[in-house]
Amino acid sequence: MSRMQCICAIFTHFGSADRTLTCLRRLAEQSRRPERILIINNSTADDAVLPAARNYAAEHFEADTLHILQMPSNLGNAGGCAHGIQHAFAELKADYVWVLDDDSWPRPHTLENLLAIEVPADVVRMSLVIDPTKDDELSWPLTIATGDEHKPWRNATCREDLPAGNEIPSRGGWLGALYPREAWLRAGVPTPELFIRGEDEEYPWKVRTAGFRFVTVRNSPLEHPSAKIPLIHYTYGSHSFFYEPGLHVSRQYYKSRNWAWLQRLKAPRNYIHRLGACGVYILLSICSMIRADELTIHRFYTLMRALHNGFYGKLRPY
């Protein structure tokens with residue numbers, strides 16, 4: 001008889017004990033529990049949530065289920081998860097890593113349903129990320145396959161846009177993804193210097209480039225809050241641009257910098273194409289800022305600095 005596959009759920013902690021303990025409680029409620037849970041602590045080693053998490057785990061999980069990985073400082077979600085994925089596969093000997101966040105909470109059958117579908121070895125399964133405060137609508141757009149070779153992808157912005165069936169071919173994702181060991185062996189880990197708002201696009205691209213495909217599982221819901229203010233959406237050709245109003249300027253910096261950096265990875269020598277893409281990005285960002293009534297000199301300067309750094313491959317912090 002083959003052994004049970006070892007699933008390791010990982011998420012970073014920084015600042016919110018309530019969210020972290022809620023995520024831990026939701027994992028305890030799973031009808032099919034993960035064999036390992038790894039909390040990546042971006043906070044200090046004396047954070048009060050750590051003994052609380054250990055005490056909860058001692059009462060509700062089998063021994064050696066909970067592990068806490070201490071970071072030297074706040075490395076952001078990308079940095080923390082890069083170390084977490086490496087630790088889960090290399091040290092905890094996981095077969096799969098299930099990527100969560102401290103405010104992304106599975107329902108009782110989420111992991112069981114995610115594992116229930118049979119997929120080839122080159123397919124990554126993903127939970128469907130929803131917002132329970134908005135009637136279980138999608139927390140953010142999901143890029144799904146169209147079946148059209150000329151325009152193979154489109155963005156589903158609500159559940160109504162999703163195709164029928166439980167298994168939805170998707171372009172890739174981060175939160176809720178169940179990455180197999182082979183994906184780590186071929187693609188490595190997210191780039192730690194992305195800090196935040198970059199691993200969600202960069203790592204799926206790495207994994208796709210390594211030969212994997214993605215499928216989102218409809219009946220595997222993962223609760224996660226959506227943007228407080230509706231996204232501003234533009235389409236141009238086969239591309240989409242989403243702007244999140246109200247985003248703190250530091251987060252806007254990382255989002256824009258990491259986007260430009262990823263374009264560099266995809267087309268390192270195609271300078272004209274990347275310059276054109278940055279020009280469109282600037283134009284649509286300005287239009288969005290005007291619509292959201294948040295166009296300021298500081299925000300515009302941050303946008304330009306972020307794109308400059310990303311374009312030249314400099315992952316400088318905010």
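This is a predicted model: local features need pLDDT of at least 70, side-chain atom pairs count only at pLDDT 80 or more; totals for chains, interfaces and linings use all residues.

**A few spots in the chain**

Let's start with L222: setting aside neighbours within four places in sequence, L222 is in contact with L100, S104, W105, P106, S127, L128, V129, I130, L175 and G176, where contact means heavy atoms within 4.5 Å. Residues are numbered from 1 along each chain as its sequence is written, and side-chain values use heavy atoms, with hydrogens and water left out.

Back to L222, which sits in strand β12. Strands here are DSSP runs of E, at least two residues, and helices are runs of H or I, at least four, numbered from the N terminus. Is L222 buried or exposed? L222 counts as buried because its relative accessibility is 0%; buried is under 20% relative accessible area, exposed is over 50%, and partly exposed is in between, with a 1.4 Å probe and protein chains only.

Next up, α6, residues 199-209. Its buried residues are E199, E202, Y203, P204, W205 and V207. What do they pack against? The buried residues of α6 pack against α3 (76-90), β6 (123-131), β11 (177-180), α5 (181-187), β12 (213-223) and α7 (249-266). After α6 comes G211, with a positive phi near 105°.

Now D102, in the loop between β4 (96-99) and β5 (105-106). D102 counts as buried, because its relative accessibility is 5%. Its side chain makes a polar contact with the side chain of R19, at 3.3 Å. By polar contact I mean a pair of N or O atoms within 3.5 Å; within protein, one must be able to donate a hydrogen and the other to accept it, and residues adjacent in sequence count only if both atoms are side-chain atoms. Leaving out residues up to four places away in sequence, D102 touches F11, T12, S16, R19, T20 and C23.

Zooming out, the chain has nine helices and 14 strands. Buried residues make up 50% of its 318 residues. And among contacts between residues at least 6 apart in sequence, 75% join residues at least 24 apart.
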